[in-house]
Structures are given as structure tokens and as C-alpha cells.
Amino acid sequence: MQTQKLEIKKHVAEALADDNLRKAVYNATASTSASRINTTESIQYWEELRNKTHKIKKDVIENLDKYLELFEKNCEANGIKIHWAVDGDEAKQIILDIAKKNNVKTIVKSKSLTTEEIHLNELLIENKIDTVETDLGEYIVQLNNQVPSHLIAPALHLSRNDIGKLFTEKLKTPFTNVPEELLLVARKKLREKFLTAEMSISGVNFAFAENGTFCVVENEANAHLSLTLPKIHVALMGIEKFLPSLNELPYLLKLLAPSATGQKSSTYVNFIGGPSNKKYGEGPEEVHIILLDNGRSKILADPKLRETLYCIRCGACLNVCPVYQQIGGHAYNWVYMGPIGITLIPQYLSELEGKDAPFLSSLCGACGDVCPVKIKLPEHILELRKKVVEKDKSKLLEKLIIKTWAYVSTKPKLYRFFGWSVKNVQNIIPNEFMKIPGYYKKRSFPGIDKKGFRQQFYELNDPKNK
Ligand code: SF4
């Protein structure tokens with residue numbers, strides 16, 4: 001489990017000072033949101049779909065123990081090896097052991113936020129295993145020694161010029177900023193890796209309890225090559241990624257692509273049902289699934305907040321969030337960002353470690369409006385703010401002010417006296433004193449009208465003044 005200090009405030013300040021970053025993030029999110037609106041508006045039964053998938057995910061999360069057991073039993077019958085990992089360290093050790101046992105030198109990875117969550121690449125590379133991201137966006141951020149800045153579009157913070165310069169520097173290819181040419185450069189490099197890798201690693205979009213299979217949804221066919229060419233495949237999945245059966249998949253797929261990219265459907269849906277049938281000579285000979293907890297059971301234990309486990313990682317809430325649009329994904333300094341990230345950070349870590357996260361929201365409600373599986377994000381953000389404030393000792397002064405204010409508000413005479421005092425002393429207090437820390441540090445304290453609200457109210461309603 002990650003215990004590093006997130007230093008969110010510092011990263012937010014850095015992001016806000018970077019005009020190029022803000023422009024790149026704003027343009028990309030605005031254009032994806034426009035596509036999402038176009039596509040979802042063309043689907044007449046969109047709201048029914050959202051309600052239906054909310055119910056499906058609710059059933060899964062409420063009955064997770066049952067689905068996990070069924071999935072394990074069916075996977076084993078299919079020849080898939082199941083491993084359980086309590087946290088990221090255990091999951092990483094399992095993957096490293098599989099790689100070492102099979103003398104693996106090269107691993108190809110298809111996009112997986114769960115592997116980012118446990119910082120898998122660092123460990124594999126430390127152990128001298130060449131580990132290559134094959135999703136184009138992930139490949140770009142890996143070359144740039146960065147982590148993804150968006151759930152769906154990992155390199156969204158970089159411009160075409162940035163990527164052109166990066167390829168020239170790291171891959172020693174002539175500079176170009178033409179997307180098609182950049183794509184061909186990456187494709188050539190990656191094909192060599194696909195052909196030599198002994199092992200592949202992917203995440204899981206949906207796993208089906210009823211028959212012990214899983215699927216990986218993608219647009220580039222890199223996952224398809226990863227899943228079929230190397231001899232060993234390892235899938236790392238959070239324990240919440242289930243559907244009861246294949247019957248529920250069409251509803252989820254119908255929502256996923258429009259919400260994620262504005263496409264009507266994703267280009268490829270890869271199904272994995274076990275090791276290859278040697279007769280046909282295709283696919284991995286060994287398939288492993290690692291079921292990762294890493295804090296999910298803790299979330300499950302909270303009857304209100306467990307709804308955050310319904311997330312299908314479409315990224316729609318990021319694209320409409322006015323805070324994400326200004327700071328991008330790296331400012332959150334964690335794998336999940338935007339509205340869903342700020343609900344997960346204090347839950348996966350602790351309220352205190354992730355205490356600044358729930359405050360990265362304007363509470364405008366846009367995230368809740370677009371979430372395809374109807375997670376009540378604004379409600380959960382508020383709930384987490386409450387938990388943080390209850391636990392955070394550094395907020396003692398704030399708590400004292402609010403408590404005093406609550407007390408004064410219920411005592412009319414005291415309230416009037418307080419109003420009168422503030423009005424009358426403001427002119428004799430030096431302005432410097434009014435620059436209280438925090439919000440007013442860089443702003444001047446607004447003066448209070450001499451007449452006050454009550455006096456103005458009475459005057460306005462006095463028949464003599466009408
Ligand atoms: S919370 Fe909802 S909108 Fe946000 S990524 Fe998850 S499914 Fe998508």
C-alpha cells in the first residue's frame with residue numbers, strides 16, 4: 001500500500017503555474033466531452049441504460065463474496081491459475097515469481113491502471129526485466145518517465161510537438177509532429193517487443209463469474225497482440241471488476257465507449273477463457289489471474305461509500321470537472337484522479353494521508369451528472385470531506401470557529417451584538433490584521449456594510465419607504 005506523502009497542494013500550485021499544461025488539458029477534455037454529448041444524445045434509452053448498469057454493479061458489490069467464489073471455481077475449471085493478493089506488494093511478488101520461474105526477459109503490458117496502482121513496472125525493471133507499455137499513450141508516458149495523467153488518455157497533457165521531441169530524444173528518430181508518422185514509429189518499435197516477449201500483463205475490464213472468463217476492451221489491438229503472442233499471460237484485476245455473467249456485458253459496453261471517448265463502440269473486445277488449446281496453436285499456454293484487494297475490502301465495509309467501487313474507469317467525470325480541467329492528472333499525485341480519484345484517494349490510503357483530495361472539487365455536480373453507472377460522486381466527496389475534518393487535528397481552529405458561529409447563530413441577542421461589533425471595529429483594525437491565513441492570504445478582506453443586512457431588510461420592507 002502506498003504511504004508516500006502526496007503533497008497535493010504543492011503539485012496543484014505547480015500545475016496552475018503551467019499555462020501550456022492547462023491549455024492542453026482543457027482542449028483535450030473539452031473536445032472529448034463534446035463527442036460524449038453528441039454520442040450519448042443519439043442513444044434514446046441512455047438514462048435507462050444508466051439505471052440498469054447501476055443495478056448490475058450494485059448487485060455485484062453487494063454479493064461480491066458469492067461472485068468471487070464462483071469466479072475462482074470456474075477459472076480453475078478452465079485451467080486459469082488464480083492468485084489472491086491482499087496488497088500491492090503481494091501482487092508484485094506473485095508477478096515477479098512467475099516471471100523468474102519462467103526465466104522471462106521481456107514483458108509486454110497492455111494498459112492497466114491496476115498495475116499503475118501497485119507501481120509494478122519499477123519492480124520489474126529493477127529486476128532487469130525489460131517491461132514495455134504497448135498502449136500508445138502509456139508508451140509515450142513511459143518514455144517520458146511519467147505516469148498517466150488521465151484514466152483513458154494517459155498522455156493527454158502532452159502536445160504533438162512534445163511527443164515529436166520525445167521520440168527524437170529517446171528513440172533517435174527524425175523529428176515529426178504528424179500523428180500518423182509518430183504512430184508508425186511507435187508501432188515499429190513495439191512490434192519487435194511483441195515478437196520477443198515471453199510474458200504479457202494486462203488489466204481486466206470485466207470478469208464473468210458465471211463462466212470464469214474475462215475481457216479486455218481497447219482501441220489499438222495492442223492488448224490483442226499482448227494476449228495472444230507471449231507464452232504466459234498475467235491479468236491483474238481489482239476484486240470489484242465482476243459481472244455476474246456475459247449477459248450483462250452488452251449494457252456496460254454500450255455505456256463505456258460513449259462515456260470514455262465519445263465513440264459509439266470500442267474497437268476490440270478481447271475475451272480470455274483459459275490457456276490456449278494446443279491443437280490450434282494460438283494464445284498463451286499459461287494464464288494467471290491475480291485478484292487484488294489493496295484496500296477494496298475497506299471500501300466495501302462502508303455501506304455508503306462502497307458505491308465508488310461501481311466505477312468502470314471511463315474517465316467521463318474527469319473530462320467535465322472544472323478542477324481537473326485546470327490542473328490535469330499529475331497534480332493528484334496518485335493513479336486515480338479527477339472526481340473519482342478524490343473519492344478513492346482517502347479511502348485507499350487513509351483520510352489523513354489523502355486529506356487534501358476531497359477538496360479538489362467545486363461541488364458543481366457535473367461528475368455525478370455524467371457518470372454512466374450513476375455513482376453519486378458529489379455526495380461521496382462531501383462525505384469524505386466530513387470524515388477528513390473529523391480526523392484532521394490541524395483543522396482545530398476551523399472547527400472552533402464553526403462551533404462558535406453555530407452557537408452564536410442560535411442566540412439572537414448574541415448574534416446582533418456580534419454583527420454590531422464586527423461592523424464597528426472593522427475601521428479601527430489595521431488592514432494587515434485582516435489578512436488571515438488561507439483564503440484571505442492573497443485577497444483583501446471585504447468590508448462589511450455599515451448598515452448591515454437586518455437594517456437594510458427592515459428599511460426595504462418599511463411601508464414608509466415604499
Ligand atoms: S466515476 Fe463514473 S464517470 Fe468517473 S470514471 Fe468512474 S464510471 Fe466513469
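## Close-up views of a predicted model

View 1. I8 touches A331, Y332, D356, A357 and L360, residues up to four places away in sequence being left out; contact here means heavy atoms within 4.5 Å. The model is predicted: local features need pLDDT of at least 70, side-chain atom pairs count only at pLDDT 80 or more, and totals for chains, interfaces and linings use all residues. Residues are numbered from 1 along each chain as its sequence is written, and side-chain values use heavy atoms, with hydrogens and water left out. I8 lies in helix α1, which spans residues 8–16; helices (H or I, at least four residues) are DSSP runs numbered from the N terminus. With a relative accessible area of 3%, I8 is buried. Buried means under 20% relative accessible area, exposed over 50%, and partly exposed in between (1.4 Å probe, protein chains only). The C-alpha atoms of I8 and N247 are separated by 41 Å, and the two residues are 239 residues apart along the chain.

**View 2. G137 in helix α8.** G137 is placed in helix α8, residues 136–143. Its relative accessibility is 12%, and G137 therefore counts as buried. Leaving aside neighbours within four places in sequence, G137 is in contact with P154 and A155. From G137 to P148 the C-alpha to C-alpha separation is 8.0 Å, and the two are 11 residues apart in sequence.

View 3. Of the 13 residues around the ligand, C311, C314, G315, C317 and C371 come nearest; a residue is near a molecule if one of its heavy atoms lies within 4 Å of it. The shell divides into 11 nonpolar residues, 1 polar and 1 charged. Ala, Val, Leu, Ile, Met, Phe, Trp, Tyr, Cys and Pro count as nonpolar, Asp, Glu, Lys and Arg as charged, and the others, Gly among them, as polar. The ligand takes up the space of the largest cavity. A cavity is a set of points, on a 1 Å grid over the protein atoms alone, where a 1.4 Å probe fits but cannot get out; a molecule sits in a cavity if more than half of its atoms lie within 2 Å of its grid points.

**View 4. The salt bridge between E47 and R50.** The structure holds 17 salt bridges, each being a side-chain nitrogen of Lys or Arg within 4 Å of a carboxyl oxygen of Asp or Glu. In the bridge between E47 and R50, the closest N and O atoms are 3.0 Å apart. Because E47 and R50 are 3 residues apart in helix α3 (residues 46–62), about one helical turn separates them. E47 is partly exposed at 38% relative accessibility, whereas R50 is buried at 5%.

**View 5. The salt bridge between R306 and E62.** The side chains of R306 and E62 meet in a salt bridge at 3.0 Å, N to O. The pair links distant parts of the chain, 244 residues apart: R306 is in the loop between α13 (296–300) and α14 (316–320), and E62 is in helix α3. R306 is buried, with a relative accessible area of 17%, while E62 is partly exposed at 38%.

**View 6. The salt bridge between K355 and D392.** K355 and D392 form a salt bridge in which the closest N and O atoms are 3.5 Å apart. K355 counts as partly exposed at 26% relative accessibility, and D392 as buried at 4%.

Note on methods
Helix = DSSP H or I, 4+ residues; strand = E, 2+ residues; numbered from the N terminus. 1 Å grid on protein atoms, 1.4 Å probe; cavity = no way out; pocket = protein on both sides within 12 Å on 5 of 7 lines; lining within 4 Å.
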